[in-house]
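Reader: I am new to this structure and would like a close look at a single part of it. Please show it to me before we start.

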Number of protein chains: 2
Amino acid sequence: MRATIRAEVTQVALRLFIEQGFDRTTVDQIAAEAGLSRASLFRHFGTKEDIVLVDLEAIGRQIADALAARPDEERPWEALRRAFDVLTRMNEAEPDQTLSYLRMLQDTPSLRARHFEKQLRWQEMMAPEIARRLGASPDRPEDPRPSALVAAALACLDAASTGWVACAGAVPLTVLLDRAMGAFTD
Amino acid sequence: MRATIRAEVTQVALRLFIEQGFDRTTVDQIAAEAGLSRASLFRHFGTKEDIVLVDLEAIGRQIADALAARPDEERPWEALRRAFDVLTRMNEAEPDQTLSYLRMLQDTPSLRARHFEKQLRWQEMMAPEIARRLGASPDRPEDPRPSALVAAALACLDAASTGWVACAGAVPLTVLLDRAMGAFTD
DNA sequence: CTCAATGCGAGACTTAGTCTCAAGTTGAGC
DNA sequence: GCTCAACTTGAGACTAAGTCTCGCATTGAG
């Protein structure tokens, strides 16, 4: 099964990355330990970074769905905040795992970079819904407000995550995210 | 002179990247056309991306300085907006050049990724000043507000830049940036 | 003029990522 | 149970980025 293989490779890679660091782990090593060839590994995951970032694709869809499900009368910023509950709930379900994952993410430049690319896709998934709520016509790409709002919300999410890792999860992510996103309405 | 060599290599690389695309241009080709060895090129620029992104370091410092020079009574968001005038002035001075530069940036994933890394450094340069203005104690890294505000402002800048490229520079960047950053205070 | 420091080029080496080809696996239809 | 087609895999060559070492040249201070 495609999904099973991928999940297993991701598990192996995650362990190795946390044990010895992302850069000191080669794709060959991951392939060997996961019991498949280098070539096959690259067929399942486009890049080394994707091995531990593929799931973000699905998470992005979940967030976008949650956003679309928010009531129409809710203001965009509030709707975005609530859509992120998909993530905060994940954090609270597996705090330790999430913490080491985020730590690895934050101090590995190439992973940070790819993660940002994934968030750009999240942005593309969410922006149309925000544009709709703003009453912006979709054929006016020069209106930067939808992208700006979504990207800013994601920036708040990143800032909150960084703070969460910095305090080792002592302050709940929801609180930090409220503080970050609340810095605008004060 | 170090700076002279670098500027010349950057010029050559910029031309090649725009002519044939970033990915279809090899570092060897740039080195050959610029008249220096591959090894030397990598001594001046850490990566291929840096060849056209090194200057962002200095621009970041300029923006941070501009931010620090804003009056104390100005609200953080407004101060950030004004600090970006450093950039909008650059855009207006060389519209065509900036346009093709931004176009290349936006449709080359690896450049986008590195550009984001540079902006993270900008964020680190600006955040302390915003923290000061918020009266946040610097030894409380779990306060996500300074990072959130700065990152959100940069997100607005990116959204505005994207819009500016999308309309081929028809609407001034300052207008788009005002619109993007104004989406929060409405 | 000498010596030390610095900068450069040559070239080997590692690793990510792509591509091709041949062998194996699976599954539908007979 | 058999066959053929479609898909998957592994082996291995290949490209290109980035690192490292070493030996040579240039230069600047004394």
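Reader: In which helix of chain B is B:Val12 found? Please take that residue as the starting point and go on from there.

Author: This is a predicted model, in which local features need pLDDT of at least 70 and side-chain atom pairs count only at pLDDT 80 or more, while totals for chains, interfaces and linings use all residues. Residues are numbered from 1 along each chain as its sequence is written, and chains are lettered from A and ligands numbered from 1 in the order in which they are written.

B:Val12 belongs to helix α1 of chain B, residues 2-20. Helices here are DSSP runs (H or I, at least four residues), numbered from the N terminus. B:Val12 counts as partly exposed because it has 18 C-beta neighbours inside 10 Å; a residue is buried with 20 or more other C-beta atoms within 10 Å of its own, exposed with 12 or fewer, and partly exposed in between, the C-beta atoms being placed from the backbone. Leaving aside residues up to four places away in sequence, B:Val12 touches B:Ile30, B:Glu33 and B:Ala34. Contact means that the C-beta atoms of two residues, placed from the backbone, lie within 7 Å. B:Leu80, 68 residues apart from B:Val12 along the chain, has its C-alpha atom 34 Å from that of B:Val12.

Next comes the DNA. Around DNA strand D there are 13 residues, of which A:Ser37, A:Ser40, B:Val27, B:Thr47 and B:Lys48 come nearest. A residue is near a strand if its C-beta atom, placed from the backbone, lies within 6 Å of it. Two or more residues of this surface come from each of α3 (38-44) of chain A, α2 (27-34) of chain B and α3 (38-44) of chain B. The most, 3 residues, come from α3(A).

As for the two chains, a rotation of 180° with 0.0 Å of shift along its axis superposes chain A on chain B, with RMSD 0.0 Å. This is the relation of a two-fold axis. The superposition is by least squares on the C-alpha atoms of residues with pLDDT of at least 70 in both copies. In chain A, the residue that comes closest to the axis is A:Ala152, with its C-alpha at 2.0 Å. A:Ala152 touches B:Ala152, B:Ala155 and B:Cys156, not counting residues up to four places away in sequence. Of the interface residues of chain A, 100% are also interface residues in chain B, so the copies meet through the same surface.
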